[in-house]
Amino acid sequence: MRFHADAPAFTDPGLDRADALRRAPDKIAALLARPDARVHPFWRASPYLVRGDAQAVAAAFSGPEAPQPDAFTVFLGLDGDAGVFARSYGGDAPPLGLTAALGAGDFPDLRRAIGAVAPRDAAILGTARSLFAWHHKHPFCANCGGATQSALAGWKRVCGACGAEHFPRVDPVVIMRIEHDERVLLGRQASWPPEMWSCLAGYVEPGETLEDAVRRETFEEAGVEVGAVAYVESQPWPFPSSMMIGMAGQALTHDIRIDPHELEDARWFTRDEARRMMSGGDAVVPRAAAIAYHLLRRWTAT
Ligand SMILES: [Zn+2]
């Protein structure tokens, strides 16, 4: 089975997060010791994937068989009664000697492997990837500089010096389908492949509503004023911790004036043009793993 085109990647519900268990280290340890526990090996923030017939398989050790040395474990949730964990191994080279027992595979960049992984696996591995990326960057306290330790089965870090608590970060990004006169506004950055166009996007700033972030970013990047804005759908994007918030906005003006620091070009496209770009051609939009594809899919279906 290839990636399912009805939803963006990483949006499958995945596991029962069973967050109450995170406060019970004895129960977590008991779950991890059971033969039905699954432990997904990671190296740094990359998961171990085994090459299957039609897709990559998110290989996992059973709980008691998962190698321990130089590793850091997080609890991801429950699959039925079974605990699901991820364990990040250190070292300068991928620990392929440890994982060989799971079958021939590798530790690829998850971003490049999304299309080959089943939706549920992608959601589980994406969660772990985001958590590990956060842990690896936060060994020290932002309050006092003291060393921090993992707590809550990997869902918090606590400073050993001042006691400050730190939680995994999620960075909100608005990505918007701006519409006007039966056309949609798409832009492209100079660093992208020359045929690639996509919805405009930008980080939400402190003190700003999602609606105002859509209006500000669209005006900054393309010089287009936006009126009504509505939420459409969202997508966790674990590279490392973005939350893509898909919005639809109605433009009040049509003329485009790009900010060359942000965009190389921006144009209005008709539904027919957008449909052709979704199925590939001289110009394309991001693949079905990306929320931009689905914002356009909903619009071209109307
Ligand atoms: Zn501290």
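Glu205, Glu208, Arg216, Glu217 and Glu220 are linked in a network of salt bridges, a salt bridge being a side-chain nitrogen of Lys or Arg within 4 Å of a carboxyl oxygen of Asp or Glu. The model is predicted, so local features need pLDDT of at least 70 and side-chain atom pairs count only at pLDDT 80 or more, while totals for chains, interfaces and linings use all residues. Residues are numbered from 1 along each chain as its sequence is written, and side-chain values use heavy atoms, with hydrogens and water left out.

Arg216 has a relative accessible area of 18% and is buried; the terms used are buried for under 20% relative accessible area, exposed for over 50%, and partly exposed in between (1.4 Å probe, protein chains only). Glu217 is buried as well, at 8%.

The search of the whole structure finds 17 salt bridges. One of them joins the side chains of Arg271 and Glu182, at 2.6 Å from N to O. This pair links distant parts of the chain, with Arg271 in helix 6 and Glu182 in the loop between strand 12 and strand 13, 89 residues apart. Helices (H or I, at least four residues) and strands (E, at least two) are DSSP runs, numbered from the N terminus. Arg271 is buried, with a relative accessible area of 17%, whereas Glu182 is exposed, with 56%. A further salt bridge is formed by the side chains of Asp109 and Arg112, with an N to O distance of 3.7 Å. Here Asp109 is partly exposed at 28% relative accessible area, and Arg112 is exposed at 70%.

Aromatic rings were examined next. Rings of Phe, Tyr and Trp (its six-membered ring) pair if their centres lie within 6.5 Å; planes under 30 degrees apart count as stacked, over 60 as edge-to-face and the rest as tilted. Eight aromatic pairs are found in the whole structure. Among them is the tilted pair of Phe75 and Phe85, with 5.3 Å from centre to centre and 55° between the planes. This pair connects distant parts of the chain: Phe75 belongs to strand 6 (residues 71-79) and Phe85 to strand 7 (residues 82-89), 10 residues apart. Phe75 is buried, with a relative accessible area of 1%, and Phe85 is also buried, at 1%. Elsewhere, ring pairs join Phe10, Trp237 and Phe239 into a cluster.

Rings also take part in contacts with charges. A charge sits over a ring if NZ of Lys or CZ of Arg is within 6 Å of the ring centre and within 35 degrees of the ring normal. The charged end of Arg22 sits over the ring of Trp155, 3.8 Å from its centre. Arg257 lies over the face of Phe219, and its distance from the ring centre is 5.4 Å.

Beyond strand 7, Gly90 lies in the loop between strand 7 and helix 2 (96-99). Gly90 is partly exposed, with 30% relative accessibility. Leaving aside neighbours within four places in sequence, Gly90 is in contact (heavy atoms within 4.5 Å) with Trp43 and Asp70. Gly90 and Phe72 are 18 residues apart in sequence, and their C-alpha atoms are 8.4 Å apart in space.

Helix 7 (residues 291-300) is largely enclosed by the rest of the structure, because eight of its 10 residues are buried. The buried residues are Ile291, Ala292, Tyr293, His294, Leu295, Leu296, Trp299 and Thr300. They pack against strand 12 (171-180), strand 13 (183-188), strand 15 (226-237), strand 16 (242-251), strand 17 (265-270) and helix 6 (271-278).

The domain assignment gives domain 1 (19-123) and domain 2 (171-300); such bounds come from an automatic or database domain assignment. The centres of domain 1 and domain 2, taken over C-alpha atoms, are 34 Å apart. Five residues from domain 1 and four residues from domain 2 make up the contact. The area buried between domain 1 and domain 2 is about 430 Å², with 66% given by carbon and sulfur atoms. Buried area is the accessible area (1.4 Å probe) that two parts lose on being put together, summed over both. In domain 1, Leu110, Arg111 and Ile114 lose the most area to domain 2, together 86% of what that side buries.
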